[in-house]
Amino acid sequence: MTEALGREVGGRQRIEDLERPQLDDRSYRIITLPNQLEVLLIHEPGTDKASAALDVNVGSFSNPPDMPGIAHAVEHLLFMGTKKYPEENAYRQYLMGHGGDSNAFTASTSTNYYFELSYPSSTPTSSQAASPDVLQTNLAESKDESPLWGGLDRFGQFFISPLFLEDTVDRELKAVDSENKKNLQNDTWRMHQLKKALANPEHPYNHFSTGSYKTLHDEPIARGVKIRDEFIKFHSTHYSANRMKLVVLGRESLDTLEAWVEEIFAKVPNKDLGQNRWDMPVYTENELLTQTFARPVLESRSIELQFAYRDEERFYESHPSRYLSHLLSHQGPGSILALIKAKGWANGLGAGGFTLCPGSGLFTVNIKLTEEGLKNYKEVAKLVFQYIGLMRDQPPQECVVKELIRISEVEFRFKQKSPPSRTTSDLAGIMQRPYDRKMLLSGPAIIKKFDSELISEAMSYLRPDNFRMTIISQDFPGGWDQKEKWYGTEHKVGKIPEDFLAEIKQAFESKSRPAELHFPHKNEFIPTRLEVGKKDVEQPTKEPKLIRHDDNVRIWWKKDDQFWVPKANVHIYFRTPITNVTTRITLLCTLYRELVNDALVEYSYDADLSGLVYDFTNHISGLSITVSGYNDKLHVLLEKVLLQVRDLEVSEDRFKIIHDRMLRSLRNWEYGQPSRQVVTYSQQFKSEKSVMNDELLPELEDVTAQDVQQFFPQILAQCQIEVLAHGNLYKEEALKITDLVERTIKPRRLPANQVPTRRGLIWPSGSNFIYEKQLKDPENVNHCIEYSLYAGHRYDSVMRAKLLLLGQMTDEPCFNQ
């Protein structure tokens, strides 16, 4: 008999029967405190970590126009001391003392705070809910034993009595400013802000959201504003218990967690504020049917069509936008991408709809263009509208939705647990949405039904009079005459020419379409064999077994005896010294990898949708193939990948496109974040063999398609094969997979003394090596330093444990400087 969804205890409604994945051993309870703060409690027996998160229904969309970034600044300042714990770093010190950490982020309509900490290894676990009598007698003892209580009490004060300490305000505003500066040369942020700046000025989407020292300090002070008072006022105005969603995860019983939450969070003031909504269009007729040409920092080319869309949060049972995105972003035969890729116009395509805020949404189609694709961007746009016309000519296809339903059900059924802090943070945000509380876990993941009417309504937004177009290129068309206010992005904007609009409308309405455009075929990779031979295991095995070891093949195998899901991972290594002999050969191997992956896009896309993915890459020790996901069709995908690796035909057209993509990637690398550059240089300096990007660039100039075609068979001709098979695979299956690899590739034996060994450099005692690099981007105001000390062998487990402990001890004092 199914347990009731809700039960009432002591006058309080408790919802406990949430739809959950098959292997989820957590217990759930949803309650609402007297101050209308909604809480999700999660009891996880035996967990070594606890976590809590609180999401407030206020974000950057609530910033006042004259103080952009204030929501972000308040997020920072809440960490800086409370009335009960006035020391500015008391919260962080407590968490670090219990092996924990914390963070927060400010989104458009919410601000999300979360923390995680560790239980002492000696703390007993509790797997059953305590009775009220036991709870009352043991509560004080439980508080003393559990670090979660102390974390919750310090966390809760953020929302009860923050101090906004005067001497911390300036420092935190500089931290906000630093975050903003970090993103100033980042094209993702720059283009996002440009789209916002060109939206309806009355919609909060139009505004700058991050904030800077200028917007939060200099300009307000110049106007005579007392900035600390403004932060306190913002918190007082917008932070209310009835706008908050709290999630707490721990090993304590649900009754204990409920009592703790009640004691702490019932004190959060409730101001009975309504949910934030913005029932106004993101784009009006002034912003629609415009074209923007934007100049990026990096060498990139793309076209984006963005449609005014709707808020779909209440349609969580049918997820109509997923039908649209599935068809438009499909990469298999019949898709937009397959056609424009065959024409040499594109490298990638993504499409999707999303709720921008309660009241409005957007739907975007973004295509990464080749050089030829940029020249033909109008034809690319017309092909998109031809496919949309194809979709709208037919009623919504139930067979397509049934596939999506099946994929979503399988994915949710076998979903594995996320780490505690990700679980609490994600769920706190999800609770802000109007899901049936029984579906908090399943609602975002599962498509439950086919709703033809809602899909048809969704498609009605994708039309030639309801979109904007953005073209991104460093040199096309030139003549950028404007700069975006906050990031300085060069662009020019105007109405789409009438003749081009007429062509788009004709493409949309015409029944004469390229034969290459059609709906996807049936997905044969959706798993059907989902059985797992589960049995009682006293102690899971901790390491794989070596089940074959001969002259040229080693197989490691471990049957899953812990998670019991119908999934497997197969890692295949082709060990050879040839892949890293010279810079040119490293480049040839990288081009080979990219060409193989490019050739597999159409075939592997259905597998990817169905939870089965592959990876093919080159490295210092040879080549490797990994196939991971549902084991039902794993061998089918693996065989196709092996054949493509062996039989690659390098066409001049695709080589030219891949060559151009790699050239831009190498050039762009030096314009990346300094922190990423430093890590890469540091790793290369510590390796015995490494190739720098600036060494690869000159070699790329004269490499041809024929060079790659003639070279790659030499890698496979002689190499050692090593396989690791793990998951829902029996020993016989691991042996058969290896037989498939041997039959397909047929490598000659590699002598043992030629099998590459990865070695790190041992630094001489007293060494003091310094490497300085000037950033290539003169507009990047960020800097980075990495200071490395040699402490010993990387596989010395005792040394590694000591270093981890040292890092834990020094992290908080360093962060607090």
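User: How many bridges join strand S9 to strand S15, and do they run parallel or antiparallel?
Analyst: Strand S9 (residues 290–294) and strand S15 (residues 490–495) are joined by five bridges and run antiparallel. Across that pairing, Ala294 stands opposite His491 in S15. By "strand" I mean a DSSP run of E with at least two residues, while a helix is a run of H or I with at least four residues, and both are numbered from the N terminus. Two strands count as paired if DSSP finds at least two bridges between them.

User: What kind of model is this, and what gets counted?
Analyst: It is a predicted model, so local features need pLDDT of at least 70 and side-chain atom pairs count only at pLDDT 80 or more, while totals for chains, interfaces and linings use all residues. Residues are numbered from 1 along each chain as its sequence is written, and side-chain values use heavy atoms, with hydrogens and water left out.

User: Back to S9. In what order do the strands of its sheet come?
Analyst: The order is S11-S12-S10-S13-S9-S15-S14, which makes an open sheet of seven strands with mixed pairing. Strand S11 (346–357) and strand S14 (482–483) are the edge strands, and each pairs on one side only. Helix H21 (residues 652–669) packs on this sheet, where it touches S11 and strand S12 (360–369). The direction of H21 makes about 60° with that of S11. Contact here means heavy atoms within 4.5 Å. Axes are lines fitted to C-alpha atoms, for helices over the stretch in contact, and angles run from 0 to 180 degrees between N-to-C directions.

User: Which strands make up the open sheet of six?
Analyst: That one has the order S16-S17-S21-S18-S20-S19, and its pairing is mixed. Strand S16 (545–549) and strand S19 (612–619) are at the edges with a single partner strand each, so one side of each has no neighbour in the sheet. From one strand to the next, the twist averages 15°.

User: S21 next. Which way does S21 run relative to S17?
Analyst: S21 runs parallel to strand S17 (residues 553–559), with seven bridges joining them. In that pairing, Lys558 has His726 of S21 as its bridge partner. With strand S18 (residues 567–575), S21 pairs in the antiparallel sense over eight bridges. There, Gln720 in S21 is the bridge partner of Arg575.

User: How many residues of S21 are buried?
Analyst: Six of the eight residues of S21 (residues 720–727) are buried, so the strand is mostly covered. Buried means under 20% relative accessible area, exposed means over 50%, and partly exposed is in between (1.4 Å probe, protein chains only).

User: And what about S18 and S20, how many bridges join those?
Analyst: S18 and S20 are joined by nine bridges and run antiparallel. One example is Ile572, whose bridge partner in S20 is Ile625.

User: Which strands does H25 lie across?
Analyst: H25 lies across S16, S17, S18 and S21, and runs at about 40° to S16.

User: Switching to helices: which residues of H24 are buried?
Analyst: In helix H24 (residues 705–717), the buried ones are Ala705, Val708, Phe711, Phe712, Ile715 and Leu716. They are on the same side of H24 because they cover an arc of only 140° around the axis. That arc is taken from the directions from the helix axis to the C-beta atoms. The buried residues of H24 pack against helix H18 (583–599), strand S20 (622–630), helix H20 (634–647), H21 and helix H25 (731–745).

User: Where is Phe164, and what is its phi?
Analyst: Phe164 is in the loop between helix H4 (147–156) and helix H5 (166–183). Its phi is positive, about 50°, although Phe164 is not a glycine. Phe164 counts as buried because its relative accessibility is 2%.

User: Cis or trans for the peptide bond from Phe476 to Pro477?
Analyst: That bond is cis, with omega near 0°. Pro477 lies in the loop between strand S13 (467–472) and S14.

User: Last one: how many helices and strands does the protein chain have?
Analyst: The protein chain has 26 helices and 21 strands. Of its 817 residues, 53% count as buried. The C-alpha atoms fill a box of roughly 75 × 70 × 70 Å, taken along the principal axes.
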